[in-house]
Amino acid sequence: MLTEVSSAPIGILGAMKEEVAGLLACMESVREVHVGMRTFYCGRLMNREVVLVISRIGKVAAASTVSALIHQFQVSEVIFTGVAGSLRPEVKVGDIVLAKRLLQHDMDASPLMPRFEIPLLDITWFLTPDLQMQQAEKALQDVINDADHHRLLTDEVLQRFQMTQPSFWIGDVISGDQFVSSHSQKKELQQLHPTALCVEMEGAAVAQICYEYQIPFTIIRTISDNADDHSEFDFPLFIKEVASRYSVEAIRRLLA
Ligand code: ADE
């Protein structure tokens, strides 16, 4: 669906090994390049040149990885795929969220600047470019419509995560260097950012670097937990069994 305007590769990131493992298995002619304690997998996916990399967790790790993708691999755009904790009762485990706006919820340079504003950039919410929104919306809607859960996931996994037909959400995503795992943390974020659908640890950092270098970006998240006292429960299993499979479906449709 993305229009190939140049031979520049597309950068694809996930924060954890399990999140990108499925994509790596689908790649062809893979060449490994080691830079800055990361392995960049250069190759072809769905007949497109891509560079796939594990960013590691958190805003600094994600920002430095995106910088390397831009400067060392000259990517033409960036796609981040991973998981997030829900901040809304109606956004359920297994749902997919496409970020339209992203904010860093732990940025606070007040009283020098308003809380949450990125210093000297005058930006609080980063916006996903329109074209990327349109392409990703179509691709993810297809993933949801075609999601044959019983082909993609075992009955045991569906039951364990109490998953039914997933929903697709578009809206605000907030990022910070915190795994949100208590009711009080969650409540505070909900009060401060009532429009946010979910919380994660990298998206708004990726958006900031892409904004600064004018590189189009797309941030896709599968809801893995409810960002409360049970959020670490079964987290690794969810990533391996559910999120990595959704990532493959989403990216394949986006690149097709
Ligand atoms: N990513 C997935 N779940 C999360 C949570 N509860 N907090 C922050 N990032 C997450």
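This is a predicted model: local features need pLDDT of at least 70, side-chain atom pairs count only at pLDDT 80 or more; totals for chains, interfaces and linings use all residues.
1. Glu-117 sits in the loop that joins β6 (96–104) to β7 (126–127). Apart from neighbours within four places in sequence, its contacts are Met-107, Asp-122, Ile-123 and Thr-124.

2. The packing of two helices may be considered next. Helix α2 (residues 59–73) packs against helix α7 (residues 203–213) with their axes 8 Å apart and at an angle of about 35 degrees. This crossing is right-handed. On the α2 side, the contact is made by Lys-59, Ala-62, Ala-63, Val-66, Ser-67, Ile-70 and His-71. On the α7 side, Ala-205, Val-206, Ile-209, Cys-210 and Tyr-213 take part. An α-helix has 3.6 residues a turn, so residues three or four places apart point the same way.

3. Helix α7 is largely enclosed by the rest of the structure, because eight of its eleven residues are buried. The buried residues of α7 are Gly-203, Ala-204, Ala-205, Val-206, Ala-207, Gln-208, Ile-209 and Cys-210. Among them, Ala-205, Val-206, Ile-209 and Cys-210 also belong to the contact with α2. After the helix comes Gln-214, which has a positive phi, near 55 degrees.

4. The cysteines form no disulfides: the count is zero. For Cys-26, the closest cysteine sulfur is that of Cys-42, and a bond is ruled out because the two sulfurs are 17 Å apart, whereas a disulfide requires a pair within 2.5 Å. Cys-210 is likewise in no disulfide, with the sulfur of Cys-42 as its nearest, at 17 Å.

5. Setting aside residues up to four places away in sequence, Thr-218 touches Val-78, Ile-79, Phe-80, Leu-98, Gln-132 and Ala-136. Thr-218 and Leu-127 are separated by 91 residues in sequence, while their C-alpha atoms are 9.9 Å apart in space.

Methods:
Residues are numbered from 1 along each chain as its sequence is written. Side-chain values use heavy atoms; hydrogens and water are left out. Helices (H or I, at least four residues) and strands (E, at least two) are DSSP runs, numbered from the N terminus. Contact means heavy atoms within 4.5 Å. Axes are lines fitted to C-alpha atoms, for helices over the stretch in contact, and angles run from 0 to 180 degrees between N-to-C directions. A crossing is left-handed if the near helix is turned anticlockwise from the far one by less than a right angle, and right-handed if clockwise. Buried means under 20% relative accessible area, exposed over 50%, partly exposed in between (1.4 Å probe, protein chains only).
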